[in-house]
Amino acid sequence: MGISQNHSKHPTTWRSGRIAVAFVVALGLALIAVAYVFFKMPYEVAYENRTEDGVLEKITVWFFWLALLACMAVVIRRRWVGGCYVAVILLACILRELDFHIRPTTADRMEKINSTRWWRSVDVGLIEKLVVAMVFIAILTALWKLVRGSGRRWFEDLKRGRPYAISVAGMLLFVAVAYILDNRLDMDALDKRQDRLVLLLSLVEESIEVGVPLLMGLATVQWAMADARQPSLADVVTADE
């Protein structure tokens, strides 16, 4: 009953929402198709394209930069306070894609900075650990401020079928899929060229990651182009604080 009433009151919003859902689904299928195209290439070529120096990784980084530019344009144009927090998160994503999260502990050993081995290592200087801790605090603060300031409104807009909210939901789904694949795959078998299924799933994971900045940038543009009568997200953040 509630859905039908909202539909009758906001027919344009629901039409746009269905288009947004269709786009997210089509994008996901297209990215899986791209992964399959790479998979059908010779093994060495396919393997190379899912590495940090591969085409998919480079495209992901460029899309994150474009999403950051779109975000900053909206921050300036709409005085969007929440956009500053989004910009911090996007910068963190860019640094991660560029492997800044993998640091040396010794001359011949690299560790992720979120691992206890890196933090326990006596070969990592105190200054470096302090800098990394400050970066973590900045990212967590940005996430908390963004969720606290705009999370409730985003959820309400998602129920109303607003395109930007659907794009954000699609982005979160893509992140979840990529994270699960990244943590479940047997990378040893992949590195030893022993499992083509793992190669395919690894390509899917890298391809899905391309969609994350795409949807983040799209959501920013969709929100900026939404009905000018809706309050600025800066007002939402300020009101909740």
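Author: In helix H5 of this predicted model, the buried residues are Gly82, Gly83, Tyr85, Val86, Ala87, Ile89, Leu90, Ala92, Ile94 and Glu97. The helix itself runs over residues 81–97 and has 17 residues. From its first C-alpha to its last, H5 reaches 25 Å, which is close to the 24 Å expected at 1.5 Å a residue. After H5 comes aspartate 99, with a positive phi near 70 degrees.

One of the buried residues of H5 is Leu90. Setting aside neighbours within four places in sequence, leucine 90 is in contact with Phe64, Ala67, Leu68, Cys71 and Met216. Leu90 also belongs to the largest nonpolar core, which has 39 residues; together with Cys71, Trp80, Phe174 and Leu203, it touches the most other members. Two or more residues of this core come from each of helix H2 (11–39), helix H3 (43–49), H4, H5, helix H8 (163–184) and helix H10 (196–224). Of these, H10 gives the most, with ten residues. As a general matter, nonpolar side chains in soluble globular proteins tend to be buried together.

Threonine 60 counts as buried because its relative accessible area is 0%, and buried means under 20%.

Notes. Residues are numbered from 1 along each chain as its sequence is written. This is a predicted model: local features need pLDDT of at least 70, side-chain atom pairs count only at pLDDT 80 or more; totals for chains, interfaces and linings use all residues. Side-chain values use heavy atoms; hydrogens and water are left out. Buried means under 20% relative accessible area, exposed over 50%, partly exposed in between (1.4 Å probe, protein chains only). Helices (H or I, at least four residues) and strands (E, at least two) are DSSP runs, numbered from the N terminus. The expected span of a helix is 1.5 Å times one less than its number of residues. A nonpolar core is a set of buried Ala, Val, Leu, Ile, Met, Phe, Trp, Tyr and Cys residues joined through side-chain atoms within 4.5 Å. Contact means heavy atoms within 4.5 Å.
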